[in-house]
Amino acid sequence: MSQSWFELIQQALGLLFSLDKDLWSIIWVSFGVSLAALLITLLPSMLLGFVLAFKQFPGRHFVLNLVQTLQSIPTVVIGLLVYLLLTRMGPLGDLRWLFTQQGMILGQMLICAPVLIAMSQAAFTSADRRAWETALTLGASLPRAILMVSGELRGPLLLAVIAAFSRIVTEVGCSMMVGGNIEYVTRNIPTAIALETSKGDFAQAIALGLVLLFLAIIMNFALGNLRGKNQVRSH
């Protein structure tokens, strides 16, 4: 590394603020894929979290244990699973999603769903069941009753959304295996940082790292504020 830290950071900021086409295409791919995976997964995951919290049914503990286990699986293993599913000889090979953004979205859905389910289930479990029972007694429809309970828990549920998005936007293993790190198509921030660092192009890697750092700061402040508000309400 022939340049000083100051020069590298100066170049990185220059790339960001000059709206460098290559750099910002990576950022848009990263956020587009992760937001799509989050939006597709959000509603079914929240509903499953609600069912696990409010309903007793055979196999409930198995599902809870499965969700907890899926949270701890390394993203590269999920990437391997999705790769095998999408490869030409795999069961989903006809979709031709390997090395496409659709394939990356599928992989990230499998990563963020367990986080959303587990955290929403914990949030719904902490809810006052009387609010749910009162809503049904007053004649509210099932969707309306769920919305009422969700409204009371908007803080913890938003925490779940932020945590899930944070996990998928920074993961590299699954994106590298399923997306293939193709320029302008599937290259996202984590895979680009790994590539540019290996090439010795530290300015672009630092610029992308700054984007993730800035995002992490915003999310942590948001999480801290939400936790603070929830603690105030609970006292």
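Predicted model: local features only at pLDDT ≥ 70, side-chain atom pairs only at ≥ 80, totals over all residues.

Residues are numbered from 1 along each chain as its sequence is written, and side-chain values use heavy atoms, with hydrogens and water left out.

Let me begin with the overall picture. The protein chain has eleven helices and zero strands, where helices (H or I, at least four residues) and strands (E, at least two) are DSSP runs numbered from the N terminus. Along the principal axes, the C-alpha atoms fill a box of roughly 70 × 50 × 25 Å. Of the 235 residues, 42% count as buried; here buried means under 20% relative accessible area, exposed means over 50%, and partly exposed is in between, with a 1.4 Å probe and protein chains only. If we take the contacts with a separation of 6 or more, 76% of them are between residues 24 or more positions apart, a contact being heavy atoms within 4.5 Å.

What does the UniProt record list for this chain as "transmembrane region"? The entry, which is unreviewed, gives residues 26–54, 66–85, 105–124, 157–182 and 202–223; the positions are in the numbering used here, feature names are shortened, and such annotations may be inferred rather than shown by experiment. In the model, residues 66–85 are 85% helix and 0% strand, with the end C-alpha atoms 20 Å apart. Over residues 157–182 the chain is 77% helix and 0% strand, and there the end C-alpha atoms are 34 Å apart.

Next comes helix α2, which covers residues 21–54. With 34 residues, α2 reaches 49 Å from its first C-alpha to its last, close to the 50 Å expected at 1.5 Å a residue, the expected span being 1.5 Å times one less than the number of residues. At its N-terminal end α2 is capped by D20, which has a side-chain oxygen 3.3 Å from the backbone nitrogen of D22. Further along α2 there is a kink of about 40° at L42, shortly before the proline P44; the bend at a residue is the angle between axes fitted to the seven residues ending there and the seven starting there.

Also in α2 is I40, which is partly exposed, with a relative accessible area of 46%. Apart from neighbours within four places in sequence, I40 is in contact with I105 and M109. The C-alpha atoms of I40 and A113 are separated by 9.6 Å, although these two residues are 73 residues apart along the chain.

This brings us to helix α5, residues 101–125, where S120 is found. Is S120 buried or exposed? At 0% relative accessibility, S120 counts as buried. Residues up to four places away in sequence aside, S120 touches S45, M46, G49, L157 and A160. A polar atom of the S120 side chain also lies 3.1 Å from the backbone oxygen of I117.

In the loop between α4 (75–86) and α5 we find R96, whose phi is near 55°, a positive value in a residue other than glycine. R96 counts as exposed, at 68% relative accessibility. F99 lies in the loop between α4 and α5 too; its phi, near 65°, is again positive in a residue other than glycine, and F99 is partly exposed at 36%. Within α4 itself sits L80, and the C-alpha atoms of L80 and G173, 93 residues apart along the chain, are separated by 8.8 Å.

Finally, salt bridges, each defined as a side-chain nitrogen of Lys or Arg within 4 Å of a carboxyl oxygen of Asp or Glu. By this rule the count comes to one: K199 pairs with E196, with the closest N and O atoms 3.5 Å apart. The two are separated by about one helical turn, because they are three residues apart in helix α10 (residues 189–199). An α-helix has 3.6 residues a turn, so residues three or four places apart point the same way. Even so, K199 counts as exposed at 56% relative accessibility, whereas E196, at 3%, counts as buried.

Methods: Polar contact = N/O pair within 3.5 Å; in protein donor to acceptor, adjacent residues only side chain to side chain.
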